[in-house]
Amino acid sequence: MARLSAQDAPTKTGHPEDQFGKELKIVKDMEVGGCMDAAVVGDRLYVIGQGKLHVCDISAPASPRILGALTNLGDTRQIEVKDGIAYITARADGMFIVDVKDAAKPKLLRHYNSIELATGIAVSGDVAFIACRTYGVELVDVSDPERPRHLSTVRTGEAQSCIARDGILYAGVWGSRELVICDVQNPRKPTILSKTPMDGYGDGLCVRGKYCFAATGHHSRKMKKRDESDPAYGCGHGLEIFDITNPEKPEFISRMKMPRFYHIGMDMWDVIVSGDYAFVADTYNGVFVVDISDIKNPRFVGHRQLAYVKSRKNPSPVGGIAIGEGVIYTAGAWSDLHVIEAPMAQPVTPEPDKPPTIPPEEPVSYEKFRVYKPDGQVWAVAFVGDIALVACGSAGLHAVQLWPEIKRLAKYETEGFAVDVKVHENYVYVAESMGGLSIWKLGKDGTMKTIGRFRVRGQLVKQVVVPKQGKYALLDVGRDSLYIIDITDPTNPTKVLKDSHLGLLYGYQISTDLFEDRYACCLWHVTGYYWYDLYGGPTPVYSGDNYPERTGAQNGIAVLPNGKDGLMTTSRGTYAIVNRQERRPLNELPQHGIEGRDLGGKPSVYGDTLYVANRFWGRVSFVDISDIEKPKLIDAFDLDGNPNIIVEHDGYPVIPAGYVGLLVCKDKIGK
């Protein structure tokens, strides 16, 4: 393996970085396949990747021996182990809680429905902190691991990873390149204490003593244009050290830079500190060992890049790392769990932690809403007559009477999290994430029975749209795929089209209605808007129309009713109108907004009323668009929960608001 060359690394005045220390040796490959993270507790090593957990004996540190395994854990990302319980984040699959006390027989205790992409994980006392990528950090009561309970969310921005100690939460925030520090002593009411800029995109953190160590990547804050001609392009990779004696005013101490590099796809960085050394995982650049005995003048003493993968045209990225006696356990995302010899490595000795105390829940009353609050998270609502069918995440599908009083009529178990629901004629369609799409027949007595199911092996179904014309359903599948399926025979739904493009489908990015009663639109947040002709031929096809505008993942699209020409799209706090032929840049289109109110979010339109729900920030706006070029604010709310697409029923706005519940406006719109 060739040593990383000096010219690959940025330099800074007074600290020439002309080498990365000794090239470290890989002494063993575990042969468990691609891995994303690892953790060490005592003489046990816990490794996750490709939906699996492996528990290993490391009494001989350089020769881990597999003791037991557990599968079907989704899109595994990070792991934390505390008191014999493993907490495993799995992006869109949420969090898995596993009993690992019997190493030979790991046991799944609970699959938790996180508010968004569960990416990072930290545990302090009875509180699990889930870094939920774009929504911030979710706090969860895990005092009973078999019955985790949502506590709150602190909206830090794009949290990749986090760590908690002594009632203080530290989050590595991605796009804004920040270290965000929060007071979580009352985990029901977390508050942000400070936001400190870093030079690279934020991710992994480690707190030791009075210092916080932050691993960063991608581009330097100094970058002015996004291409290789800019000297700061790809130069955000590094280790940054802060004095956190005063968490409200962290003090920058020093910084090290890894080689210049940029490649989208794997964007994670990690750091662990043990003794006088920081061990840094820098994806494609590999693993680095930094001597921090002189905290103001750290220096490289070792490195190892993983093997080049020809099919990927890059070295295998490092996901996470764990430290053992004389070794670094290195999770190779495309390769294996590698044991790297590192004589300076010593197992981490946990520092004292005074965890937060969870106070009793205080009842919440809403002046303008009546609330239905199930055990699970409310994602979506549809109606059969005046009966609400509520997609309640891990609590399944509920049939609820909303008027004159709120009362649950029935509960239907689902295989996976119920995250969307639609009704068409006598059938109910439920997006069940890992359970696929379920199709239910409505009985004359109002009961429901499952009659069909559509699955994509190993993939989630996160949204379902059934146009009023019937025959087809559109599904958001996996990370980035649109499926159109034929539901003519609801007992045997079949795929007729699959399409995918660059950019995640973060959720609810398929238009819920058709334009011109024929065309559906799907929005990929990187590559833009794609139109599909459902009824112009024998089978649905991509129409060839793409509006290639990048749009934030918090935004969405809605077809305008009443014959109005176009599709409404929210972006940059306003909305614009586009159609299939639109090719002008979005910033050249007329933008319509309301001064002082950000209209970013998922829109839905009923007559002359626009509803916008922003799951990222908890914002809800009701807008009069009788003159679409001059919108007028009817009402606005900032919620603690995560509101999703709003439905109007008989003039009443109904808001699926995550763990806050289903909010039903007491008054009809405009009253």
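**Overview. Confidence of the predicted model.** The protein has a mean pLDDT of 94, with 97% of its residues at 70 or more; pLDDT is the predictor's confidence in each residue, from 0 to 100. Over residues 1-17 pLDDT stays under 50, and the model has 38 contacts beyond four places in sequence for this stretch, a contact being heavy atoms within 4.5 Å. Because this is a predicted model, local features need pLDDT of at least 70 and side-chain atom pairs count only at pLDDT 80 or more, whereas totals for chains, interfaces and linings use all residues. Residues are numbered from 1 along each chain as its sequence is written, and side-chain values use heavy atoms, with hydrogens and water left out.

**View 1. The open sheet S37-S38-S39-S40.** Four strands, in the order S37-S38-S39-S40, make up an open sheet with antiparallel pairing. Strands (E, at least two residues) are DSSP runs numbered from the N terminus, and two strands pair if DSSP finds at least two bridges between them. The edges are strand S37 (420-424) and strand S40 (448-454); each has a single partner strand, so one side of each lacks a neighbour in the sheet. On average, neighbouring strands of this sheet are turned by 25 degrees against each other, direction ignored; the axes are lines fitted to C-alpha atoms, and angles run from 0 to 180 degrees between N-to-C directions. Strand S38 (residues 427-431) pairs with strand S39 (residues 437-442) over five bridges in the antiparallel sense. Tyr 427 has Lys 441 in S39 as its bridge partner.

View 2. Strand S23 (residues 270-274) has five of its five residues buried, so the strand is largely enclosed by the rest of the structure; buried means under 20% relative accessible area, exposed over 50%, and partly exposed in between (1.4 Å probe, protein chains only). Asp 270, Ile 272 and Ser 274 point one way from S23, and Val 271 and Val 273 point the other way. S23 runs antiparallel to strand S24 (residues 277-281), to which five bridges join it. Val 273 has Ala 278 in S24 as its bridge partner. Two residues lie between the strands of this hairpin, and Gly 275 in the turn has a positive phi of about 65 degrees.

**View 3. Aromatic pairs.** The whole structure holds 27 aromatic pairs. Rings of Phe, Tyr and Trp (its six-membered ring) pair if their centres lie within 6.5 Å; planes under 30 degrees apart count as stacked, over 60 as edge-to-face and the rest as tilted. Phe 20 and Phe 300 are edge-to-face, at 5.0 Å centre to centre with 65 degrees between the planes. Phe 20 is in the segment before strand S1 (22-23) and Phe 300 in strand S26 (residues 299-304), so the pair ties together parts 280 residues apart in sequence. Phe 20 is buried at 0% relative accessible area, and Phe 300 is buried at 9% relative accessibility. Tyr 112 and Tyr 659 are stacked, at 6.0 Å centre to centre and 0 degrees between the planes.

**View 4. A ring cluster and two charges over rings.** Tyr 366, Phe 369, Tyr 606, Tyr 611, Phe 622 and Phe 637 are linked into a cluster by ring pairs. Elsewhere, the charged end of Arg 133 sits over the ring of Trp 174, 4.3 Å from its centre. A charge sits over a ring if NZ of Lys or CZ of Arg is within 6 Å of the ring centre and within 35 degrees of the ring normal. Arg 580 lies over the face of Tyr 519, at 3.9 Å from the ring centre.
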